[in-house]
Amino acid sequence: MSNHENPRDDTRTSLELSEMTLQSQDTDIATAIPTRDQTDRIRTTEAKSQGRLIRERFFRHKGALAGIALLVLIFLLAFTSIGFAGIPGWWNKDYDVLAARFNEGRPTLTLWPFSLGEHPFGQDVLGRDYFALTMRGIQTSLIIAFIVGIVAMVIGTTVGAFAGYFRGWTEAVLMRLTDVVITIPTVVIAAAVAGIVAKHGIIPFALFLGAVTWTGLARLVRGEFLSLREKEFVESAKSVGASSGRIIFRHILPNTVGVIIVSTTLAISGAILLETGLSFLGLGVTAPDTSLGKAINDNRSALTVRPWLFLWPGAFIIGIALAVNFIGDGLRDAFDPKQTRVKQ
């Protein structure tokens, strides 16, 4: 009897094991196959371009967004209040008009209830409206800063690109020129020449400052080009007969745009502080025009009796410099290919 039951038991056991194996395989297959939502997420991630990833990282950087908001607010306030290039603004006073001092020249701005009053930032020692004067100073400082940033970007990128790509005597000449400019402090060069250049207007003054502040960017771009010129895509471009100009501007330069943009924002921030320092020393913007640094310099004798004459220009200098630095910080993190965690 037992001899006949054993084969049945063995058969039943084998069938049960086979069913368990099939169920286990079905479970593994179901687990391995991604759901429709998972597939959509995978496709979305793969479809993201490098530009989109950079934008997402940048716009999730709260410091950079705060910097943009602050810079835009200052820009709109300065250029809409007193107008620009013949376009009138909503403020009814000019920065170069003398008037009798109202309320002993004290600021009339009140926060609660909010009111600008007759002279929200007060008046300087000559009776000029200090709000209009400060707005004009912001305009001048921003114009100079952005021109300096653009000029430094063009010169620095060109010098660094040619030095890093062509090497040899081209690199030797360009880098020795860069070393000469670096060895002489920027403030010393500016102090020697800026006072003469500034007499011809803010545009020549800004061009001059840009011509002496490009060296840091040139070195960074040269380093990037030295690395990228050895990559396979450059060798492939050379093998099909691409010219040096095409390789530089179509293949290598786009891969250095992150370094260039970040360095340019830092150059803009540095230009604001440099212009402020030179104007404070009397070597920058000259009368009848004004800047934030010149406004402080013109009223430094009134520091103890009218401190607001220092407060308003100084606050805007700090605000602009911080805003540009925050934007540069966000751009640095956004363009960093190793950045895996975005600041919140």
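**View 1. Ser-269 lies in helix α12, which spans residues 257-280.** This is a predicted model. Ser-269 is buried, because its relative accessible area is 4%, and buried means under 20%. Ser-269 touches Ala-321, Val-324 and Asn-325. That list leaves out residues up to four places away in sequence.

**View 2. Helix α9 covers residues 215-228.** The helix has 14 residues. From its first C-alpha to its last, α9 reaches 20 Å. That is close to the 20 Å expected at 1.5 Å a residue.

**View 3. Helix α9 has buried residues along one face.** They are Thr-215, Leu-217, Ala-218, Val-221, Phe-225 and Leu-228. Seen down the axis of α9, these residues fall within an arc of 150°, so they line one face of the helix. An α-helix has 3.6 residues a turn, so residues three or four places apart point the same way. The buried residues of α9 pack against α5 (130-166) and α6 (168-183). They also pack against α10, α11 and α12.

**View 4. Helix α10 crosses helix α11.** Helix α10 holds residues 232-239, and helix α11 holds residues 244-252. Their axes come within 11 Å and cross at roughly 140°. The crossing of α10 past α11 is right-handed. On the α10 side, Phe-233, Val-234, Ala-237 and Lys-238 make the contact. On the α11 side, Ile-247, His-251 and Ile-252 make it. By class, this contact has five nonpolar, one polar and one charged residues.

Terms used:
Residues numbered from 1 in each chain as written. Predicted model: local features only at pLDDT ≥ 70, side-chain atom pairs only at ≥ 80, totals over all residues. Heavy atoms only, no water. Axes fitted to C-alpha atoms, helices over the stretch in contact; angles between N-to-C directions. Helix = DSSP H or I, 4+ residues; strand = E, 2+ residues; numbered from the N terminus. Left-handed = near helix turned anticlockwise from the far one by under 90°. Contact = heavy atoms within 4.5 Å. Nonpolar A, V, L, I, M, F, W, Y, C, P; charged D, E, K, R; others polar. Buried < 20%, exposed > 50% of the residue type's maximum accessible area, 1.4 Å probe, protein only. Expected span 1.5 Å × (residues − 1). Arc of directions from axis to C-beta.
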